[in-house]
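I opened this model to look up its cores and a pair of helices. My entries follow the order in which I checked things.

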Amino acid sequence: MIWTSNCLAKDFIVGVEDVSYYPLFDFGRGGESYAKELIDEFGRQYNYNFIYLPLPIKRFSRWLIEEQIDFKYPDNEMWNVSKSEQMPFIYSDSTIRLVAGTITPVGKKIKEGELKVLGTLLGFYPTQWINEIRSKEVKLYESSSTLVLLQNVLRGQVDAIDIEPTVVLHHLKILGKPNALELNTNFSYVVYDYYLSTIKHKDVILQLNQFLKDNKTFLSYLRTKYDVFDYKPYEQGLIKH
């Protein structure tokens with residue numbers, strides 16, 4: 001669906017994470033990213049203007065309730081960990097499929113019980129390790145910088161990091177070490193999705209779902225442009241532990 005009307009575009013505010021997670025998203029800097037190109041193109045086709053509002057990750061589960069925003073991105077039902085409060089969140093279809101796992105240096109395949117310090121971005125929720133962190137078997141080290149976390153694991157200051165492989169690869173290229181880290185398949189990993197969520201604009205979510213169905217070539221182009229990590233071998237169980 002492409003609008004040809006000359007009427008003014010309707011504005012919507014999208015709450016986004018106040019963190020650099022390029023190339024998946026980096027709204028604070030205002031540059032292009034996978035997420036921004038996708039949402040902006042949806043807006044262009046449906047005559048919507050999306051305004052991105054970076055918000056603190058620590059209040060992530062409360063954004064749609066407490067902030068004057070229309071949508072939240074990225075979102076996933078498994079991140080809304082408060083089971084005592086059942087809000088009527090409405091999620092779009094998947095905007096991108098990714099892999100969540102544990103990143104360690106290449107050739108250093110540490111196993112279960114050997115990981116003692118896990119690094120992640122400040123405010124992120126390492127769902128794969130939450131039980132070990134709560135029981136204090138694993139210590140969580142947080143930083144606001146992806147680059148710092150990569151340097152920490154390369155230097156052995158943390159045993160592993162919990163960061164999406166696409167983001168890891170981008171920063172490794174900056175460091176000139178594109179093959180220094182890998183997703184460690186000795187530990188569990190999961191294929192998951194980024195969704196757009198809302199509590200009051202179901203009609204727009206339905207339009208986004210249609211956009212995602214109608215623009216598969218564009219989505220494939222974005223994955224290639226931003227060198228998004230290939231989830232398919234992990235989804236199909238081809239990776240050997």
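**Ground rules.** This is a predicted model, so I note that local features need pLDDT of at least 70, side-chain atom pairs count only at pLDDT 80 or more, and totals for chains, interfaces and linings use all residues. Residues are numbered from 1 along each chain as its sequence is written, and side-chain values use heavy atoms, with hydrogens and water left out.

**Cores.** I looked up the nonpolar cores (buried Ala, Val, Leu, Ile, Met, Phe, Trp, Tyr and Cys residues joined through side-chain atoms within 4.5 Å). Buried means under 20% relative accessible area, exposed over 50%, partly exposed in between, with a 1.4 Å probe and protein chains only. The largest core has 61 residues, and Tyr-21, Phe-50, Ile-161 and Tyr-194 touch the most other members. Helix H1 (residues 34-46) gives the most to this core, six residues. Helices here are DSSP runs of H or I, at least four residues, and strands are runs of E, at least two, numbered from the N terminus. A second, separate core has eight residues, including Leu-118 and Phe-187.

I then listed contacts (heavy atoms within 4.5 Å). Beyond four places in sequence, Tyr-21 contacts Leu-121, Phe-124 and Tyr-194, among others.

**Helix H4.** Which residues of H4 (residues 146-154) are buried? I find Thr-146, Leu-149, Leu-150, Asn-152 and Val-153. Seen down the axis, they fall within an arc of 160 degrees, so they line one face of H4. The arc is taken over the directions from the helix axis to the C-beta atoms. These buried residues pack against S6, S7, S8, S9, H5 and S10. At the N-terminal end, Ser-145 is the cap: a side-chain oxygen lies 3.4 Å from the backbone nitrogen of Leu-147. Gly-156 follows H4, with a positive phi near 85 degrees.

**Helix H5.** Buried in H5 are Pro-165, Thr-166, Val-167, Val-168, His-171 and Leu-172. They pack against S5, S6, H4, S9 and S10. A side-chain oxygen of Glu-164 comes to within 2.5 Å of the backbone nitrogen of Thr-166 at the helix start. Gly-176 follows H5, and its phi is positive, near 75 degrees.

I checked His-171 separately. Its relative accessible area is 9%. Leaving aside neighbours within four places in sequence, His-171 contacts Tyr-22, Thr-146, Leu-147 and Leu-150.

**Lys-108.** Lys-108 sits in the loop between strands S6 (103-105) and S7 (117-121). From Lys-108 to Lys-216 I read 38 Å, C-alpha to C-alpha.

Methods: A polar contact is a pair of N or O atoms within 3.5 Å; within protein, one must be able to donate a hydrogen and the other to accept it, and residues adjacent in sequence count only if both atoms are side-chain atoms.
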